Amino acid sequence: DNEFEREEVRTNAPEVLVLKDTDILEVLRRPEFEPFGEITAESSSRTVMYMQQAKREAAAASSGSMEAFLRSCQLRLTLRRPTEGEMSRAHELLQRTNQLNATLRRSSLADLQEYFRRSSDFEVCVGLLEDKFGDYGLIGLGIAAKNGKEWSILELAFSCRAMGKGVEEALIFELAEKAAKAGAAGLALDFRATERNQLLLSILQRLRFQGAVPDLGSTGKLVRTSSEDRDRASYPAWLEIRR
């Protein structure tokens, strides 16, 4: 509500849209504020999810340890092929996610629907999480091209709501197991490195994806062979896997 400060922003960050405080009642009529794409069911229920998360944080604060808290949450992760009606949410996840996004390809909705239809050429797997507090919804997506002896991961992304619960490992194991059963030697992905997705890189490295770590802003190929599954770690004890 200060014209001096608004002018300071205009001068130093001209790419930023600057509005007056008196514009607030008209702001939702501006084209810049139109909803991006389809409003999914999860977008509509975001307020309820925030309330559920507040309950989780309160319970975590009173637990003796993080593992004890996670065990008490009764986490249930469903890994499966999505339904056609879930493709809009999968697209929304790719567009919104930066921190836990491996390739940053951000496939279009049309591309996702094509991958979904061509099940003989592409493996599409989603992760849906729930616990005793409520439903996290669709929080993980993995898409792999079935390229003979080496499956190529095209998309690998997770909602930040999944962080720290073992969801990333579970979905990657699911893709690796399907690839191995199909006779593939392993999984490969072109990891696009940014300042924000280094946590996911560390998870991939822990799961024995190997290759030269790309510089920030660059892409590097990481490969995980199917032989790594012979001695892989079991899923976290607090995570119930459903298919």
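Q: Which way do H5 and H6 cross, left-handed or right-handed?
A: Keep in mind that this is a predicted model. Here the crossing of H5 and H6 is right-handed.

Q: And what angle do H5 and H6 pack at?
A: Helix H5 covers residues 87–96 and helix H6 covers residues 109–117; they pack at about 125 degrees, with axes 10 Å apart. Angles of 65 to 115 degrees count as roughly perpendicular and those over 145 as roughly antiparallel. So H5 is oblique to H6.

Q: Which residues of H5 and H6 meet?
A: From H5 you get Met 87, Ser 88, Ala 90, His 91 and Leu 94, and they meet Leu 109, Leu 112, Gln 113 and Phe 116 in H6. Sort that contact by class and you find six nonpolar, three polar and no charged residues.

Q: Now strands. How should I picture the side chains in a regular strand?
A: In a regular strand they alternate between the two faces of the sheet.

Q: Is strand S4 largely enclosed or open, and why?
A: Strand S4 (residues 150–158) has seven buried residues out of nine, so it is largely enclosed by the rest of the structure.

Q: How does S4 run beside S3, parallel or antiparallel?
A: Strand S3 (residues 134–145) and S4 run antiparallel, joined by six bridges. Gly 140, for instance, has Phe 158 in S4 as its bridge partner. The S3–S4 hairpin has four residues between the strands, and Gly 148 takes a positive phi near 60 degrees there.

Q: What about S4 and S5: in which sense do they pair?
A: S4 pairs with strand S5 (residues 186–192) in the parallel sense, over four bridges. Look for Glu 150, which stands opposite Gly 186 in S5.

How values were computed
Residues numbered from 1 in each chain as written. Predicted model: local features only at pLDDT ≥ 70, side-chain atom pairs only at ≥ 80, totals over all residues. Heavy atoms only, no water. Axes fitted to C-alpha atoms, helices over the stretch in contact; angles between N-to-C directions. Helix = DSSP H or I, 4+ residues; strand = E, 2+ residues; numbered from the N terminus. Parallel < 35°, antiparallel > 145°, perpendicular 65-115°, else oblique. Left-handed = near helix turned anticlockwise from the far one by under 90°. Contact = heavy atoms within 4.5 Å. Nonpolar A, V, L, I, M, F, W, Y, C, P; charged D, E, K, R; others polar. Buried < 20%, exposed > 50% of the residue type's maximum accessible area, 1.4 Å probe, protein only. Pairing = 2+ DSSP bridges.
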